[in-house]
Each structure stands twice: as C-alpha cells, then as structure tokens.
Amino acid sequence: MINNITLDEKIEMISYEEAIEFAKKEVEGALVKSPRLIREYLTHLASSQGKYIRAVSVIVAAQDKDGKVHPDAIKAAGAIEIIHLASLVHDDIIDNADIRRGKPTLQKKYGKRTAVICGDYLLSLALKMMLASRDKKRYIELDLPEYINKLCLGELEQHVNNYNLNLSIYQYLKIISGKTAALFEASFFAGAVVLAASEAEIAKYKQIGYYIGMIFQLTDDCIDFDTAIEVANKPVQSDYEQGVITLPLIHAFQEMSNFKEKAENTGITRDEINEAVKKTGGLDFTKGLVTRYYKKAMKRIEDLELTDDKRAKIMYILNKASRVQ
C-alpha cells in the first residue's frame, strides 16, 4: 500500500513493491493524461497493457542489498516500457495485426496513419520521461537513444529480409538481438546504472538482459507453431504469412533443400511448413538454443553477489522469458 504518496514527494529509497506500483502508474499516467488530441488513442493502449516484464527487470536490477530501489529507477522503467509499447504499435501496423493482448490493435481500431503517429509520439514521450530523472548523468550513461537505434535497425533488418529463404541462423540471431534483446539489455543496464554498480557488474547485468531477450524471442518463435491463439492472445501461425522467417523454419530449410526449392518455385502452405518443421525438429533445435542462452544467463547470475530474494526475482524473469511455469 503506498498510502496515496506521490513519487515526487518520496525522495528516499523505496521498496520493490512500491517501485513496481509507481512504474505502472508512471506509464498509465503518461498515456491517459496525454494531450487531448492524442489521449483517446493512448488511453486505448493503456487498457491493454501487458505484464511490464521490462519495467520489472529495471526495478529488480536496481534493488540494493536491502531490497530498496532509488526513485530514478521508476523513470527508467516507465521509459523503457513505453519504448516497448511504441514498438508493438509499429509491429501491429507492419503485420496488419487485428488483436494484441486480446484487444483490438490501435491500427485496427483507428487506422494505420493514426497508429504510426501514435507510435512516434510514444518514442518522444519515453525520452522526455527519462530526462525527468533526478540524476541526468544516469540518463547519459544509459544512452537510451542508442537502444532505440538498435531496436529500429533490428526491425528494419527483419523487414529487408522478409521472405528471404536464404536467411542464415547468424543473420537471424543478429536481427532479434536488435528488435527484441536490445530492450531487455537496456532494462537490466538501466537498473544496474541506478544501483551504481561497478563497470564489471554492469557488464554482467547487461549480458543477463541480452540473454533473456534472446530467450524471449526464440520462445516466441516456437509459440507461433505450438500455441493456440486463445492462449497466446495474439495472432499465431502467421509469421511466414507476414514474410517473417523464424529460426524453426530456417532450420527446416537448411535440413530440407527440396523444401526450400519448393518454397522458391511454387510456394508452400502453412500445413507444409508445420510438417517440415516437425520432421526436421525445428522446434527442438530452437529450444536447444534457448537452453544454451539460459545456461549463459545462469552463469552471469551466479557471477553476481546477490541476495537470495534478488536472485529469485531475476530467476523469475528468466523463467518467464522461457515460459517456464
């Protein structure tokens, strides 16, 4: 219970629970209290917010040995969450997606032009929020615009490689390291910076975030093949139809040259894709890579001097990314 205290009134270190609550209020407040012209659209986004896994990552990484968090972590958590939200708005436009988290997407409800502008506005809102941190040195050290660059370049590289049946595993991992892993890395980086961790410790936190981001995307690739739309709360069985070649299918193409030739010459159906991925063990191959990243993340977690509580919270995020219940 926060007892109606506002963040600006609370300068001292705060608890983990307060920090999470403040981060959510920071994002929701920024959306529903936006200028009148754009408020209706952003309020729609606020009604379909996710689980704040990136914001939680910032807060967890920022926890000190007493489990307390500096208030600047709230601004960083909110900014990164809003950048993620902007990327989802743009993704839904590119994919022509109708639903996101069980609700109509912004582009479906209000049109693509409105959604594009709203996505752009969210990016500016995130930078403005981060600049509101009390310690401007932290903002400079984090270099959030660089992570936005990585995100955008990853998305562009994916778009440029749409329907590229010769996409290599290396190229694909490079794409997702930008479009997904970068923001997870930024989340743990931001928390470590707010914590005032050493350079060596910050490097380990960044690696943990990067590995978690890679795990998150690779697991999401598997969900497109083996999870029902009602469970995923978003379109599934649709990556290839949108031109996106993911790792399970890349593996199938590499294992079955005749299948790739068919895709190039006459096209392939969703049933044929599913059968090829199953026959070549595409999901097992992808999950094997998830396991490798998981072990790397575990090694970095073990390298840090963490309280049992903080270690458990980071493990929760790691397991959430890999959908371990």
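Analyst: Helices (H or I, at least four residues) and strands (E, at least two) are DSSP runs, numbered from the N terminus. Helix 4 gives the most to the lining of the largest cavity, with five residues. The model is predicted: local features need pLDDT of at least 70, side-chain atom pairs count only at pLDDT 80 or more, and totals for chains, interfaces and linings use all residues. Residues are numbered from 1 along each chain as its sequence is written, and side-chain values use heavy atoms, without hydrogens and water.

User: What makes Arg270 and Asp224 a salt bridge?

Analyst: A salt bridge is a side-chain nitrogen of Lys or Arg within 4 Å of a carboxyl oxygen of Asp or Glu. The N to O distance for Arg270 and Asp224 is 3.8 Å, so the pair qualifies. Arg270 lies in helix 14 (residues 270–280) and Asp224 in helix 10 (residues 199–226), so the contact ties together parts that are 46 residues apart in sequence.

User: Why does Arg270 count as buried?

Analyst: Buried means under 20% relative accessible area, exposed over 50%, and partly exposed in between (1.4 Å probe, protein chains only). Arg270 has 15% relative accessibility, so Arg270 is buried. Asp224, at 4%, also counts as buried.
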